[in-house]
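Here is a quick briefing for anyone meeting this structure for the first time. Take a look at the sequence and the 3D view, then read on.

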Amino acid sequence: MTSSSEGTFFLTGKDFVKAGTASGSLKRVLEDMGVPSAVVRRAAIAAFEAEMNTIIYAVAGIMHYYVTAEMIKVVIQDMGQGIENIELAMTEGYSTAPDYIREMGFGSGMGLPNIKKNVDKFMLSSVSGEGTTLEFIINLEKT
Ligand SMILES: Nc1ncnc2c1ncn2[C@@H]1O[C@H](COP(=O)(O)OP(=O)(O)OP(=O)(O)O)[C@@H](O)[C@H]1O
Ligand SMILES: [Mg+2]
């Protein structure tokens, strides 16, 4: 596996044309680095859900990734409405998605719980009215 890599993707709120581009690019970076496919899959799921949340609920954001031999770390930071109650937002099935978002197939309230399930370390913080920061780490075990 190539030793390390880092990069940044910019995310624009409501830009559904580009939705999935950042997480898709991260997936290819990891594949090209030789990260095991099961790990790539977990990272891609987590990154996609976080990317979609920024696109759906925020005005703009960035996704930054760092990959070393030990771990994949992804930070998604956005400017937007923020999350008033993190515990509630983490509840399976809880969603504030409006109808037009549900019509696109989102809004099951499973994104955040799904991110948590797929990563080794999960951190979510938010300032209501300002924005949200989600950070996750997936350990890369040495074989
Ligand atoms: N970046 C964010 N900014 C503001 N609110 C957010 C953000 N991410 C999540 N939320 C809030 O947390 C709720 C739960 O998020 P989660 O991703 O679990 O479900 P969802 O996006 O509603 O549906 P799904 O992910 O299943 O399509 C959202 O409905 C929204 O109210
Ligand atoms: Mg979501």
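Is tyrosine 65 buried or exposed? At 7% relative accessibility, tyrosine 65 counts as buried, where buried means under 20% relative accessible area, exposed means over 50%, and partly exposed is in between (1.4 Å probe, protein chains only).

A word on the ground rules. This is a predicted model, so local features need pLDDT of at least 70 and side-chain atom pairs count only at pLDDT 80 or more, while totals for chains, interfaces and linings use all residues. Residues are numbered from 1 along each chain as its sequence is written, chains are lettered from A and ligands numbered from 1 in the order in which they are written, and side-chain values use heavy atoms, with hydrogens and water left out.

**Overall picture**

- The chain has five helices and five strands; helices (H or I, at least four residues) and strands (E, at least two) are DSSP runs, numbered from the N terminus.
- Along the principal axes, the C-alpha atoms fill a box of roughly 45 × 30 × 25 Å.
- Of the 143 residues in the chain, 43% are buried.
- Take the contacts (heavy atoms within 4.5 Å) with a separation of 6 or more: 67% of them are between residues 24 or more positions apart.
- The accessible surface comes to about 7800 Å², and 52% of that belongs to carbon and sulfur atoms; the areas come from the Shrake-Rupley method with a 1.4 Å probe, and for residues only the protein chains shown count as cover.

**The aromatic pair**

- The structure holds one aromatic pair, meaning rings of Phe, Tyr and Trp (its six-membered ring) with centres within 6.5 Å; planes under 30 degrees apart count as stacked, over 60 as edge-to-face and the rest as tilted.
- Phenylalanine 9 and tyrosine 65 make up this pair, and it is stacked because the planes are at 25°, with the ring centres 5.7 Å apart.
- Phenylalanine 9 sits in strand β1 (residues 5-12) and tyrosine 65 in strand β2 (residues 58-67), so the pair ties together parts 56 residues apart in sequence.

**Salt bridges and a charge over a ring**

- There are five salt bridges, each a side-chain nitrogen of Lys or Arg within 4 Å of a carboxyl oxygen of Asp or Glu.
- One of them joins lysine 73 to glutamate 135, at 3.7 Å from N to O.
- That pair links distant parts of the chain, with lysine 73 in strand β3 (residues 71-80) and glutamate 135 in strand β5 (residues 131-139), 62 residues apart.
- Lysine 73 is partly exposed at 23% relative accessibility, whereas glutamate 135 is buried at 19%.
- Lysine 73 also lies over the face of tyrosine 66, 5.3 Å from the ring centre; the rule asks for NZ of Lys or CZ of Arg within 6 Å of the ring centre and within 35 degrees of the ring normal.
- Glutamate 31 and lysine 27 form another salt bridge, with their closest N and O atoms 3.9 Å apart.
- Both of these residues, glutamate 31 and lysine 27, lie in helix α1 (residues 21-33), four residues apart, or about one turn of the helix.
- Glutamate 31 is partly exposed at 39%, and lysine 27 is partly exposed at 35%.
- Lysine 18 pairs with aspartate 15 in a salt bridge, the closest N and O atoms being 3.9 Å apart, and lysine 18 is exposed at 52%.
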